[in-house]
Amino acid sequence: MARLQVKTDGLKLRSLELKLGSNRVGRDPDADFTLSHPSVSFTHCEFILSHDGVFVRDCDSTNGTFVNNEMVRAAHLQPDQSVRLGDVELFVESTDVVIAIPKIERDLPAPPLMQADGSLMCRRHPEAVVTFRCTHCQEQLCVACLHVLRLQGGQPLYLCPLCSHKCERLQKVEKPKEHFLGFLGRTVRMPLVYWQERTGRKK
């Protein structure tokens with residue numbers, strides 16, 4: 001993170017570790033960084049840390065804000081520059097900005113359950129049947145999972161909620177059609193079995 005060293009002796013504060021946003025500096029005890037020196041104004045200046053680097057802005061101080069011995073109202077700071085607030089010397093050690101993004105651990109949903117007929121139940125919506133598969137990540141999805149993009153004058157486009165790629169409808173597995181002779185054999189066999197059970201005899 002951006003850091004300035006205090007070069008003037010006799011001060012308790014030895015460095016300024018800047019936080020994102022505004023960092024007020026002065027003799028004010030409630031300032032972000034308090035410099036107890038008679039040449040420093042109550043609110044002397046502010047250092048602004050953003051993704052663009054470090055800026056210093058003078059807050060109408062009595063003795064001025066200087067960068068490399070040049071008085072400034074506002075200036076963009078670079079490493080190895082000197083900054084003077086009244087008679088207090090600072091050294092720009094770093095202007096790096098470090099933004100930490102916390103890692104969020106998410107529990108993965110349970111794997112899809114297979115029904116007796118071979119269909120899969122969605123692991124995000126357990127009451128829904130899987131009907132789509134992502135063409136990119138191969139995730140299996142139900143209709144409720146999808147992001148639907150409706151194109152004017154065309155077919156809707158189904159998008160994966162995980163990778164935003166196109167999803168395709170799964171081909172429904174159909175049972176093979178029964179041959180006519182097989183159907184005829186079942187219809188003839190049913191009354192034959194019924195007769196055998198009633199009479200206790202076999203033809």
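Q: Is Glu139 buried or exposed?
A: Keep in mind that this is a predicted model. The general idea is to compare the relative accessible area with a cut-off, and buried means under 20%. Glu139 has a relative accessible area of 11%, so Glu139 is buried.

Q: With which residue does Glu139 form a salt bridge in which the closest N and O atoms are 3.0 Å apart?
A: The general idea is to look for a side-chain nitrogen of Lys or Arg within 4 Å of a carboxyl oxygen of Asp or Glu. Here the partner of Glu139 is Arg124. Because Glu139 lies in the loop between E14 and E15 while Arg124 lies in the loop between E13 and E14, the pair ties together parts that are 15 residues apart in sequence. Arg124 itself is partly exposed, its relative accessible area being 29%.
A: Glu139 also forms a salt bridge with Arg123, where the closest N and O atoms are 2.7 Å apart.

Q: How many salt bridges does a search of the whole structure find?
A: The search finds 10 salt bridges. One of the pairs is Glu17 with Arg3, whose side chains meet at 2.1 Å, N to O. That pair joins strand E2 (residues 15–17), which holds Glu17, to strand E1, which holds Arg3, and the two residues are 14 residues apart. Glu17 counts as partly exposed at 41% relative accessibility, and Arg3 counts as partly exposed at 24%.

Q: In what order do the strands of the open sheet of 3 strands lie?
A: The order here is E15-E14-E18, and the pairing is antiparallel. Strand E15 (140–141) and strand E18 (167–169) are the edge strands, each pairing on one side only. Strand E14 (residues 132–134) pairs with E18 over 3 bridges, and Phe132 has Arg169 in E18 as its bridge partner.

Q: Where does His37 lie, and which residues is His37 in contact with, leaving aside its neighbours within four places in sequence?
A: His37 lies in the loop between strand E4 (33–34) and strand E5 (45–50). With those neighbours left aside, His37 is in contact with Leu11, Arg27, Asp87 and Val88. Its relative accessible area is 19%, so His37 is buried.

How values were computed: Residues are numbered from 1 along each chain as its sequence is written. This is a predicted model: local features need pLDDT of at least 70, side-chain atom pairs count only at pLDDT 80 or more; totals for chains, interfaces and linings use all residues. Side-chain values use heavy atoms; hydrogens and water are left out. Two strands pair if DSSP finds at least two bridges between them. Helices (H or I, at least four residues) and strands (E, at least two) are DSSP runs, numbered from the N terminus. Buried means under 20% relative accessible area, exposed over 50%, partly exposed in between (1.4 Å probe, protein chains only). Contact means heavy atoms within 4.5 Å.
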